[in-house]
Amino acid sequence: GQTASAYGIDNANITDGTPSSVSYYIDKTAPTTPAISASPSGWTSGNVTISAGSAITDAGGSGVSGYYYRCAAGTAWNLSAGTSISFTCTGTGGQTAEAYAVDGAGNPDTTPSSVVYSRDTTAPETSALTAAPSGWTGSNVTITGSVTDTGGSGVKGYYYKCAAADGVTFSAGPSISFTCSSTGGQTASAYGIDNANITDGT
């Protein structure tokens with residue numbers, strides 16, 4: 001803050017002994033936005049929290065007014081007050097969250113902080129299974145199929161079992177293939193799981 005002052009003088013060169021003064025405040029320095037991170041950092045099916053490990057700082061004197069943020073590039077900015085950055089994102093796929101600080105003089109940080117987060121809310125699809133051989137046989141039976149994922153996180157693998165009473169076993173990859181040796185008439189089953197840990201419910 002600065003103080004400007006002035007006093008008058010007349011043509012007899014007499015000055016006003018009580019100058020007038022006024023305070024003014026100029027801040028031309030932008031605040032600093034700390035780095036932001038996403039939690040969780042990998043693929044998830046839940047909401048994602050974006051936050052900074054340290055507070056926004058301002059060296060210009062006007063103080064921190066708040067910060068603008070958005071959860072995806074090209075979308076509208078949202079304003080939040082305070083010096084601690086924290087907001088929740090619900091976009092799907094791979095998205096870039098951004099935030100930048102603004103101070104009490106309206107100066108914005110022209111270099112926003114950003115972080116990529118990944119969110120998938122779509123379950124993978126498990127194809128119909130086939131058994132080879134398909135009829136009665138005296139040998140083991142190979143079960144095959146496939147898992148696809150359109151949610152963005154990709155296929156993690158599949159769980160399978162050779163009989164209704166069995167526990168499930170996990171196998172990685174999108175191509176289903178396992179061997180069954182249980183005797184009698186049995187029902188083999190399998191369901192996919194993606195990298196956001198969403199399972200095929202059907």
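## A tour of the disulfides

With about the S-S bond a torsion of -85 degrees, the link of Cys162 and Cys180 is left-handed. Keep in mind, as you turn the view around this link, that the model is a predicted one.

Stay with this pair and select the loop between strand E13 (155-161) and strand E14 (169-172), where Cys162 lies, and then strand E15 (residues 175-180), which holds Cys180; the pair links distant parts of the chain, 18 residues apart. Show the side chains of Cys162 and Cys180 next, and you will find them joined by a disulfide with an S to S distance of 2.1 Å.

Cys71 lies in the loop between strand E5 (64-70) and strand E6 (78-81), while Cys89 lies in strand E7 (residues 86-89), so the pair ties together parts that are 18 residues apart in sequence. Look along the bond itself: the torsion about the S-S bond of Cys71 and Cys89 is about -85 degrees, so this disulfide is left-handed. Are Cys71 and Cys89 buried or exposed? Both Cys71 and Cys89 are buried.

Finally, zoom out and select both pairs together. How many disulfides does the count come to? The count comes to two disulfides, taking sulfur atoms within 2.5 Å as the rule, and, with bonded cysteines counted along the chain, the disulfides follow the pattern 1-2, 3-4.

Notes
Residues are numbered from 1 along each chain as its sequence is written. This is a predicted model: local features need pLDDT of at least 70, side-chain atom pairs count only at pLDDT 80 or more; totals for chains, interfaces and linings use all residues. Side-chain values use heavy atoms; hydrogens and water are left out. Helices (H or I, at least four residues) and strands (E, at least two) are DSSP runs, numbered from the N terminus. Buried means under 20% relative accessible area, exposed over 50%, partly exposed in between (1.4 Å probe, protein chains only).
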